[in-house]
Amino acid sequence: MAQPHREVPPTAATCPPGAFSIGQMRVESLTPTVVRKHLMPIILLHGDYHTASVWFTKPDRRPGWAYFFAERGHRVYAPHLPFHGRSGALVHYERVKAITPQTVENLYTAINKTNNPEWPAAKTHTQWPGSGVRGDPIFDEYLKQLVPLYMDPHERQAAAQEAVASLLRFLKRPAILVGQGSGANVAWLVADVAPDLIHAIVAVEPLGPPFGSALGHKNGQLGPTSTFTRAAGIRQYGLADIPMQFDPPVAAPESFEELFGGTYPAFEPIPPRKLMNLIEILQLVVTTEASFHRFSDWATVHFLRQAGATVKHHRLEEHGIRGNGHLCFLEKNSNDVANHVLNWLHNETDVPKLQALEARPSPSQAISPSGDHRQSLILPSEKTCPTKQRPVETELKPTNTIANSSQR
């Protein structure tokens, strides 16, 4: 029987004196049983309140996207972004915030139960496995995976930018970045400093809109609004809270003031600045049918295109994938979403297509759920990537016992 959830008040506790390392990033990886060197590695970037664990096991215990892409020949890397999960303890306990179960229900898992008249698409949400409310075993399992969020976005984003860029330098070959939520914004930040090491970016419902928020409080609940206005101090550089390399340069957030002569988010009439390091990278923004991101992803795409980037925007219902919310990578048809991402990579970014999986146990079928199937490395917080001998990574090997886990 599920235990009742308790609301935990913020703590004012501080760490005892001691030495702490911050900014490091732990990375977990999956190596396919048969390595295809011509397939680029995929780096999965999680969003707020998550860790790399969400890419390995879904709340209903099916294998996650890390296995999906590894089964199709890609080496997969899933970082615990700095200040998250296994990348080091938070040292400022008074500066973290936990998401409430009610917010999870209202925005992510039980949105079809909402009565928000400005969010009619929420009623189309059918893909969350289970009821999506407290007491449901799948909801409770998901809630257990969430971690507190360090509330300094500038430090959080700067650390993630450098750490993921270090991972790319460590791999010494171009990779594909797949980010969900704020993980997509991290992908853009990394592309801004390491464009030559990124082949393509897939942004699944990124944080947005630029310079503002599409969420507000109504009747005591946090929910989306059909219109949004600029919010001071939020994504001051459009895609992020920390500076990016624009042309003409942006010396400070106030440099964008001239953009707001009209009604936000009409970014004209001035000639938009260009994000020069993102221009050559092919990008896909994915928006689901039922999510509140329907209100803001279009503005993010608009901003990127004005900044010179080549961006496709796929609304999943227009491609026959229906009923998803913001957590589409965990939902019942999540592998359909992953397959859609792969098809875009194959068809539009010259990623070689694996024509057929060989007749062998796939990693998700052949590996026990003990966790021993993963290999880990820890990237330090230094500005340069280590040049010492690379840790040995063991390939995934089939076992004698094969569980039938052929899930869609």
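Predicted model: local features only at pLDDT ≥ 70, side-chain atom pairs only at ≥ 80, totals over all residues.

The questions below go from the whole protein to single residues.

Reader: How many helices and strands does the protein have?
Author: Helices (H or I, at least four residues) and strands (E, at least two) are DSSP runs, numbered from the N terminus. On that basis the protein has 8 helices and 14 strands.

Reader: What percentage of the residues in the protein is buried?
Author: Buried means under 20% relative accessible area, with exposed over 50% and partly exposed in between (1.4 Å probe, protein chains only). Of the 408 residues in the protein, the buried ones make up 54%.

Reader: What share of the contacts with a separation of 6 or more comes from residues 24 or more positions apart?
Author: A contact means heavy atoms within 4.5 Å. Among contacts in the protein with a separation of 6 or more, residues 24 or more positions apart account for 78%.

Reader: Which residue caps the N-terminal end of α3?
Author: Helix α3 covers residues 137-145, and its buried residues are I138, F139, D140, Y142, L143 and Q145. These buried residues pack against α2 (101-109). A polar contact is a pair of N or O atoms within 3.5 Å; within protein, one must be able to donate a hydrogen and the other to accept it, and residues adjacent in sequence count only if both atoms are side-chain atoms. At the N-terminal end of α3, a side-chain oxygen lies 3.0 Å from the backbone nitrogen of I138, and the capping residue is D136.

Reader: Are α4 and α5 parallel, perpendicular or oblique to each other?
Author: Axes are lines fitted to C-alpha atoms, for helices over the stretch in contact, and angles run from 0 to 180 degrees between N-to-C directions. Helix α4 (residues 153-171) and helix α5 (residues 182-193) pack at about 60 degrees with their axes 9 Å apart. Angles under 35 degrees count as roughly parallel, over 145 as roughly antiparallel, 65 to 115 as roughly perpendicular and the rest as oblique. The two helices, α4 and α5, are therefore oblique.

Reader: How do the residues of the contact of α4 with α5 divide into nonpolar, polar and charged?
Author: The contact is made by Q157, A160, Q161, V164, A165 and L168 of α4 and by V186, L189, V190 and V193 of α5. Ala, Val, Leu, Ile, Met, Phe, Trp, Tyr, Cys and Pro count as nonpolar, Asp, Glu, Lys and Arg as charged, and the others, Gly among them, as polar. The residues of this contact divide into 8 nonpolar, 2 polar and no charged.

Reader: What is omega for the peptide bond that joins G208 and P209?
Author: Most peptide bonds are trans. P209 lies in the loop between β7 (198-204) and β8 (215-218). The bond joining G208 and P209 is cis, and its omega is about 5 degrees.

Reader: What is phi of F211?
Author: Most residues other than glycine have a negative phi. F211 lies in the loop between β7 and β8 and counts as buried at 1% relative accessibility. Its phi is positive, near 65 degrees.

Reader: Which side chain makes a polar contact with the side chain of D241?
Author: D241 is found in the loop between β9 (221-224) and β10, and is buried with a relative accessible area of 9%. The side chain of D241 reaches the backbone nitrogen of R235 at 2.9 Å. At 2.7 Å, the side chain of D241 makes a polar contact with that of Q157.

Reader: Which side chain does a polar contact of 2.7 Å join to that of H313?
Author: H313 is found in strand β13 (residues 310-315) and is buried, with a relative accessible area of 14%. Not counting residues up to four places away in sequence, H313 touches V285, T287, D297, W298, V301 and R305. The side chain joined to H313 by the polar contact of 2.7 Å is that of T287.

Note on methods
Residues numbered from 1 in each chain as written. Heavy atoms only, no water.
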